[in-house]
Every structure is written in C-alpha cells, then in structure tokens.
Amino acid sequence: MKYINSYLFAKKMDAMDTLSGFRNRFHIPPQQNGTPSIYLCGNSLGCQPRSVRRFMETELRDWEVLGVEGHFHAKNPWMPYHEFLTGSTARLVGAEKEEVVVMNSLTTNLHLLMISFYRPTTQKYKIVIESDAFPSDAYVVESQLRYHGYSPEAALIKIFPRKGETLIREEDIEALLEKEGESIAMLLMGGVNYYTGQLFNIKRVTAAAHQKEVIAGWDLAHAAGNVVLHLHDWDVDFAAWCSYKYLNAGPGSVSGCFIHQKHISNPEIPRFAGWWGYEKSSRFQMQHGFNPIPTAEGWQLSNAPVFSMAALRASMEIFDEAGMLALSEKSRNLTGYLEFLLQSLPDSLSVEIITPTNPEERGCQLSIRTLKNGKALHNHLTQYGVICDWREPDVIRIAPVPLYNTFLDVWQFARILANAAKLPEFQQ
Ligand SMILES: *Cc1c(COP(=O)(O)O)cnc(C)c1O
C-alpha cells in the first residue's frame, strides 16, 4: 500500500473502506466541545456498541415482569444464557463450539485453568512466562507456584528479550524449551503482549512446548477481537481473554475461555467445580458427586451474569457481521498508515516504535517509546482530544481499532503529535 500524509488521502481511504459503516454502530466518547474524541484506546476499553442498550433493556424488562420465571420464560431464557455466546465465541477464536465457554473474569479463569493444567511433578514443575507479562498474570503464576509449594525463585522462568532488544524472539523460547523442557510443566504467555504489542506465533511456540510435553496456555486479552486466531488447529491447550478491550462488552465484563477438545472430557484433569458445570439434564436433581458437562462448559462455576453477557452479545453480533478476516485486513492498513505517519515525525520528538514492523507479528496496537518528555507528549495529545494511554516508564500505546476507527483518526492523531514539536520542552 502506498500511503500519503494528507487529509485528502485519509478521507479517500475512509471513503473506500467497506467496513466504515460500523463506526456508526458505536458511541465514540465526545470531547468537551461535543465532537467525537480521537479514541485510540480500544485495547484498554472498547467503545460501547449502540445496540448494548437494547440488549440490556430486554433483560431489564424481562426481570421486571417475569422475576424468577425469566430463567425459563424470558425472551432469551437466563438458564442457558451463556449458550447464546457459544457460536460467535467459537468463530472469533477459531474453536469448536464445545471448546469455548464465557464465564467469570479473566484473572479468575487463569486461576481455574491453572488448577486444571498446572500439575507439577518432582521432575517437571517449572513455569515459563514473558519477562514483561501483565502484572495480574505474573501474580497468578507466582501464587499458583506457592500454592503448590514452590518458590517463584526456583520454579518461575522469565523469558527476556536479548540484551539491547525489546522484543522476545521465538527462537529463544524454542531454545529454552529445548534446553530446560524436561523440568518445565507449563508455558503461559500473552498472545499479543500488552506493552510492546508483539504478537507471538502461537502455533509455533505451542508446537515447541508440546515437543517437550509442556502445556501451552495463552492469555489472549490483547489478541481476541484483534487478530485472527485458530486455537483448535494450533493445538493450544487452554486460553482465556477478557471482553472489555477489543470485544467492547463494557468495564469488567465477562471473560472467554478455551479448552482444547482433547482435554474437555478427560476425567483425570482436576478442577474446582461448581453447580453450573454439572451435566445439564440432571443438574437440578442436586445429587452428590460431580458429573461434569463434557465440554468447556464443565468448568463453569456459577449461573450466567446475564447483564454482562447481554452487552457482550450486542458486540459479538457486530463481530459476526463484520468478520475477523475483513477486520484484520483493514487493521493492517490502518496500523500500516499509523506506522507510516509516525516515521515522518520531526526528529526532535525523539520517539520510536517498539512494536514489530512485520504485520504478521502485531495486531492493531503500536507502542511508542518516548525518549524524552514523554508525559508532556501524552498531555499534549490529551489536550487536543486524543484518548490513548500512558504506560510507565515511557510508552504511549496507540490502538486504531478497525471496527470504529478511521484513517482520518490516525491522520489527525499523527498531526497533533507532530505539532508537539513546537512545545517549549522540545525547543533546544
Ligand atoms: C487486561 C488484562 C488482564 C485483566 O484481567 P482482569 O481479570 O480482567 O482484570 C489480565 N491479563 C492481561 C494480559 C490483560 O491484558
């Protein structure tokens, strides 16, 4: 694609974009003057689909008039409510329907999945994570190790970028597994790293783990709804993600879970159980002994959080209409445009992109490292209507989301950033 740094080019790209109509299906948070902000923070909290209100109102109304009867007689009965999300969730992550379930929140699910899949033995007990894993994931892994009687010092292997580099090389993960695989029980990594935006080759890393009989689990918080996934074909053991980032289901909304077909009906796998994982036809006989549903649903604990799922349904309907393949194609162009514009910024701004340049190794997010006055840059962006986030110590993360961001958003962002070169901080 040949990009041009101009308003007219950005407008032309938007006019040619077959997905441009989806923007109107979202509320874009307004600036103080009422015009839409340049919202580039969908990697942190997705915008609200306009249809969320209708989905929520249906449930509020059914609760109002039906009370407890809503479990069976609501328009969308609450008893099997999570099932309304199964098809779209399976399509989103490239899974069979029996491999996915929506439940709980992300960190909770990581714990539940580790209880099932981290089964250390005297020889094989170590866990591999990324050096800059999301804090919650690091706490999960460290506390699970302690729970099983290991110290993180002895049993946690952090995989670092090479000296002087920012990204982790897949060949280094392979080499580590090759060298220490006999003592490693599990690898748990972010599919797209939240900080650098690096997308790992999930298939390749999973295969390398399996070579050494290491369980491969993935946190897909920054991958689900951002990149095309084929979790079943890639033979991923388990994965979990949240739904409030790229999936636009609102703050704290419910998490998605994937458990590979080969594991779902294995009775040897331990789990922390709850009544909603019990075989559906006899669940209400309230018998002793646990007879799990032989799908990922067997990991459920509680009955469905209907309001959170109602919001997610509104969003998943949009994903089904747009399709991940089309979204991913637009995403490449949009992020490619952002990269192109960032490359022509004034040198005095001293910024560099740390996200991989290869489109195969990233989703829509670009992480910009600021070598000086980073906070001033971020304040300047905020002042001119850009919503994007700052990650200590020196990174601004920018995520143009193909469902609702435009080429014009990207162009305006880059222009505002370029104008920061006129700030006194940058005049020396
Ligand atoms: C956003 C995010 C989380 C958040 O976890 P919650 O349990 O939903 O609060 C965890 N891990 C990663 C990698 C994330 O990006």
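Ile353 stands opposite Ile368 in strand 12. Both residues belong to a predicted model, in which local features need pLDDT of at least 70, side-chain atom pairs count only at pLDDT 80 or more, and totals for chains, interfaces and linings use all residues. Residues are numbered from 1 along each chain as its sequence is written, and side-chain values use heavy atoms, with hydrogens and water left out.

Strand 11 and strand 12 (residues 366-370) run antiparallel and are joined by 3 bridges. Two strands are taken as paired if DSSP finds at least two bridges between them. Strands (E, at least two residues) and helices (H or I, at least four) are DSSP runs, numbered from the N terminus. The sheet that holds this pair is open and has 4 strands, in the order 11-12-15-14. Its pairing is antiparallel. Strand 11 (351-353) and strand 14 (389-391) are the edge strands, and each pairs on one side only. On average, neighbouring strands are turned by 30° against each other, direction ignored. Axes are lines fitted to C-alpha atoms, for helices over the stretch in contact; angles run from 0 to 180 degrees between N-to-C directions. Helix 12 (residues 324-343) packs on this sheet and touches strand 11, strand 12 and strand 15 (395-398). Contact here means heavy atoms within 4.5 Å. The direction of helix 12 makes about 20° with that of strand 12.

The loop between strand 14 and strand 15 contains Pro393. A cis peptide bond joins Glu392 to Pro393, with omega at about 5°. Most peptide bonds are trans, and most residues other than glycine have a negative phi. Asn104 is not a glycine, yet has a positive phi of about 50°. Asn104 sits in the loop between strand 4 and helix 5.

Strand 5 (residues 126-130) pairs with strand 7 (residues 184-190) in the parallel sense, over 3 bridges. Lys126 has Ile184 as its bridge partner in strand 7.

The ligand is surrounded by Leu106, Thr107, Phe134, Asp137, Asp219, Ala221, His222, Tyr244 and Lys245. A residue is counted as near if one of its heavy atoms lies within 4 Å. A polar side-chain atom of Asp137 lies 2.7 Å from a ligand nitrogen atom. Polar side-chain atoms of Tyr244 and Lys245 each lie 2.5 Å from an oxygen atom of the ligand. Taken alone, the ligand exposes 390 Å², of which the protein buries 83%. Accessible areas come from the Shrake-Rupley method with a 1.4 Å probe.

Note on methods: Polar contact = N/O pair within 3.5 Å; in protein donor to acceptor, adjacent residues only side chain to side chain.
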